[in-house]
Amino acid sequence: MKDRMLAENVSNLLKSMSGKTAAIITHVGGDADAVGAAYVLKRVLEEVVGCAAVHVHIPDEMSAQVKAMVNYLKLDVKSAAIGDVDAVILVDVGSLEQAGEYLEEIMRAHGKVYIIDHHTPPQGGYPEGFFVFFSENYRALCELLMDVVQLMDIKLDALEAEALFLGIYYDTARLSLADSETMVKVCELIRLGVNPSKSIHLVEVPIDISERIARLKGAMRMNLYRSGEWLIATSQVNSFQTSVARAILSLGCHVSIVAGEYKDGVAVSIRSQQDFFAKTNINLGKDVAQVVGARLGGYGGGHPTAARAYCRSAPDDAIKLCLSLLEGLLGEKLSRV
Ligand SMILES: [Mn+2]
């Protein structure tokens, strides 16, 4: 177990919820890891712990892939208010702003809000009255849940195993970030009945034409910078920033920064290659997205190689700030390529 103490604390927390009502809330839009974790948490709370009622909420809009996974699991996702519950459990959120439209209700629920996560916590931490169960050692939150389930002596059924498999598979960038313990866990899930290629095909819906156009426009609008051995690409699109940042990274740069309109502000998605993080130790979540969000009137966060910030500024300013932060962190001037 990567963090036995944490897994014990989470299992004690769950056991203490017998007879109670709970709401589980994922980050904005959800993803395979958040949905997998929410699904198994709900099942454990209802079937094993004996909660009176557990509702799952996914703030904002679900992506096509998340919808496919939710439908496959037959997970009932509530879009209504959280309402009066004994416990509010935030999973995989990274920061409170990721609770989207539920933020106000969550703030009012302080004293009974529990955060179960594997993201870097926000700068300054969570407010008082929020109970945080967290370790960055886990590549996916679903991995932590496997440890919790093991401590509680619960046998997962095939669908629960599939939910956790998908969470681990996508949060490890298709297992490319998996360490040996993660792989052992994946093998355990396979033994429980998961058929990897079948599960993956179930949730991989073909990308739609607007996302394809966004990726291709993103590539056309690219600017390229160099600092020593590192190549940094920037671009602007007004939708699918994360998808575009991933696509540009796959072209061969070490860092991609993609900004564009999002709701009434600007979203910036930043991605880097593993070897960039390994050699520079620049954590995009902590060192870039959190700083950019805070300085430009918004918020940000994420993981070392995948992060996102929301800002109240022009897309240009958000990109410029990302570049100047990277320049400072790398200690070398960026030059246009
Ligand atoms: Mn996750």
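Domain bounds here come from an automatic or database domain assignment. On that basis, the chain is divided into domain 1 (4–203) and domain 2 (210–336). The structure is a predicted model, in which local features need pLDDT of at least 70 and side-chain atom pairs count only at pLDDT 80 or more, while totals for chains, interfaces and linings use all residues. Residues are numbered from 1 along each chain as its sequence is written.

The centres of domain 1 and domain 2, taken over C-alpha atoms, are separated by 27 Å. Seven residues of domain 1 and eight residues of domain 2 form the contact, two residues being in contact if their C-beta atoms, placed from the backbone, lie within 7 Å. On the domain 1 side, the residues touching domain 2 comprise one nonpolar, five polar and one charged (Ala, Val, Leu, Ile, Met, Phe, Trp, Tyr, Cys and Pro count as nonpolar, Asp, Glu, Lys and Arg as charged, and the others, Gly among them, as polar).

We turn next to the sheets. Helices (H or I, at least four residues) and strands (E, at least two) are DSSP runs, numbered from the N terminus, and two strands pair if DSSP finds at least two bridges between them. Strand E5 (residues 113–117) runs parallel to E6 and is joined to it by five bridges, with Asp117 opposite Phe134 in E6.

Six bridges link strand E10 (residues 265–272) and strand E12 (residues 306–311) in the antiparallel sense, and Arg271 has Ala306 in E12 as its bridge partner.

Helix H12 (residues 284–295) packs with helix H13 (residues 315–330) at about 135°, their axes 10 Å apart. Axes are lines fitted to C-alpha atoms, for helices over the stretch in contact, and angles run from 0 to 180 degrees between N-to-C directions. The two helices, H12 and H13, are therefore oblique to each other (angles under 35 degrees count as roughly parallel, over 145 as roughly antiparallel, 65 to 115 as roughly perpendicular and the rest as oblique). The contact of H12 with H13 has nine nonpolar, no polar and two charged residues.
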